Amino acid sequence: MFTKKNKQKKFTLVRKRVPFLFILPWIIGFIVFTLGPLAFSLIMSLFDWPIAGEAKFIGFDNFIKMFTADPQFYDSLSITLKFALIFVPLNLLVALVLALLITQPIKGIKIFRTIFYLPAVVSGVAVSIIWGWMFNSEYGVLNYILSLLGIEGPNWLIDPKWAIVTIVIASAWGVGTMMLIFYTDIKGIPNEMYEAAAIDGAGPIRQFISITIPTITPTILFNVITSVIAALQQLTLVLLLTGGGPLKSTYFYGLFVYNNAFKHHELGYASANAWFMFIIILLLTMLIFKSSSAWVFYEAEVKKEKKEKKGGKRK
């Protein structure tokens, strides 16, 4: 009897540990390639750390220099925040509109779903090359189309007024993943809800405002957070399309950190820059989560409220 109990305990212990063995490769990868470099960069931010040469401990001097002696820090930060204010709403709107379009019961809609999603799997370098051709002021497709309409196209990549617009357009082109997330959530809404609303006289617009939007608010929250993070970390398109120009009108914060690290060879200072952006992203994410209680509705909470109302009526 004692032996059977021991065997049962051992078997139970093994069953509890098996799931951890499956996720062990991910845990090792996270520690080695994410958590380790993250902690090491924090240490580097406290040093004067050139690429070649001896590192020298300087405490918080990198952070003091960033806030007091580097005007480019504030310029790049303001440009990035301006980009985020334009990019995030536009990204959400385009993704939601496309998601609504591909939910329509139209013949051949699967082909359009694939077409709309394809840009999301194209590499950032390829996207930059494609948009570089399209935005070219001399032989670009966009200016050619505008010329057919009798409109003189702008110098997209040369004019400081239009350069940031080109980055916004090129960035919004890859909304396929966000569109797919919206599409999945919208398809999960029961048709009975729309049918009941139609019987009550609600039109498509009213159904969208009163049913679709409240139901997908958790997905909107997720997409807002991911869009904010992507906008504040934008680098590839800026680096390859404009290089931060013209006149540093697209000198994003990501490019500022990149140049400090690999152009000016100040790894410690670049680490301090990166940690400041990490704190900004963390604070913004917390703020968005804090505000979500006012506009995000979860199905479980709605059901609980309905039960409480029914219970109150019975009393």
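Helices (H or I, at least four residues) are DSSP runs, numbered from the N terminus. Axes are lines fitted to C-alpha atoms, for helices over the stretch in contact, and angles run from 0 to 180 degrees between N-to-C directions. This is a predicted model, in which local features need pLDDT of at least 70 and side-chain atom pairs count only at pLDDT 80 or more, while totals for chains, interfaces and linings use all residues. Residues are numbered from 1 along each chain as its sequence is written, and side-chain values use heavy atoms, with hydrogens and water left out.

**First stop: H4 and H8**

Select residues 109–117, helix H4, together with residues 176–187, helix H8. The two axes come within 8 Å and cross at roughly 140 degrees. H4 and H8 are therefore oblique to each other; angles under 35 degrees count as roughly parallel, over 145 as roughly antiparallel, 65 to 115 as roughly perpendicular and the rest as oblique. Next, display the side chains in contact (heavy atoms within 4.5 Å). From H4, Arg-113, Phe-116 and Tyr-117 meet Gly-176, Thr-177, Met-179, Leu-180 and Tyr-183 of H8. By class, this contact of H4 with H8 has five nonpolar, two polar and one charged residues. Here Ala, Val, Leu, Ile, Met, Phe, Trp, Tyr, Cys and Pro count as nonpolar, Asp, Glu, Lys and Arg as charged, and the others, Gly among them, as polar.

**Second stop: the core**

Now select Phe-83, Phe-182 and Tyr-253, the residues with the most contacts inside the largest nonpolar core, which has 62 residues. Such a core is a set of buried Ala, Val, Leu, Ile, Met, Phe, Trp, Tyr and Cys residues joined through side-chain atoms within 4.5 Å. Buried means under 20% relative accessible area, exposed over 50%, and partly exposed in between (1.4 Å probe, protein chains only). Helix H3 (residues 71–102) supplies the largest share of this core, 13 residues. Centre the view on Phe-182: leaving aside neighbours within four places in sequence, Phe-182 is in contact with Leu-92, Ala-95, Leu-96, Ala-99, Ile-216, Thr-219, Ile-220 and Asn-223.

Move to the loop between helix H12 (236–241) and helix H13 (253–262), where Pro-246 lies. The peptide bond from Gly-245 to Pro-246 is cis, with omega near -5 degrees. Leu-247 is found in the loop between H12 and H13 as well. Although not a glycine, Leu-247 has a positive phi of about 55 degrees, and at 78% relative accessibility Leu-247 counts as exposed. Then select His-265, in the loop between H13 and helix H14 (267–295). His-265 has a positive phi of about 60 degrees although it is not a glycine, and is partly exposed, with a relative accessible area of 41%.

Asn-62, Phe-63, Lys-65, Met-66 and Phe-67 of H2 meet Gly-268, Tyr-269, Ala-272, Asn-273 and Phe-276 of H14. The contact of H2 with H14 has, by class, six nonpolar, three polar and one charged residues.

**Last stop: Thr-166**

Finish at Thr-166, in helix H7 (residues 160–172). Thr-166 is buried, with a relative accessible area of 0%. Apart from neighbours within four places in sequence, Thr-166 is in contact with Phe-135, Trp-156 and Leu-157. The C-alpha atoms of Thr-166 and Trp-275, 109 residues apart along the chain, are separated by 28 Å.

Notes. Helix = DSSP H or I, 4+ residues; strand = E, 2+ residues; numbered from the N terminus.
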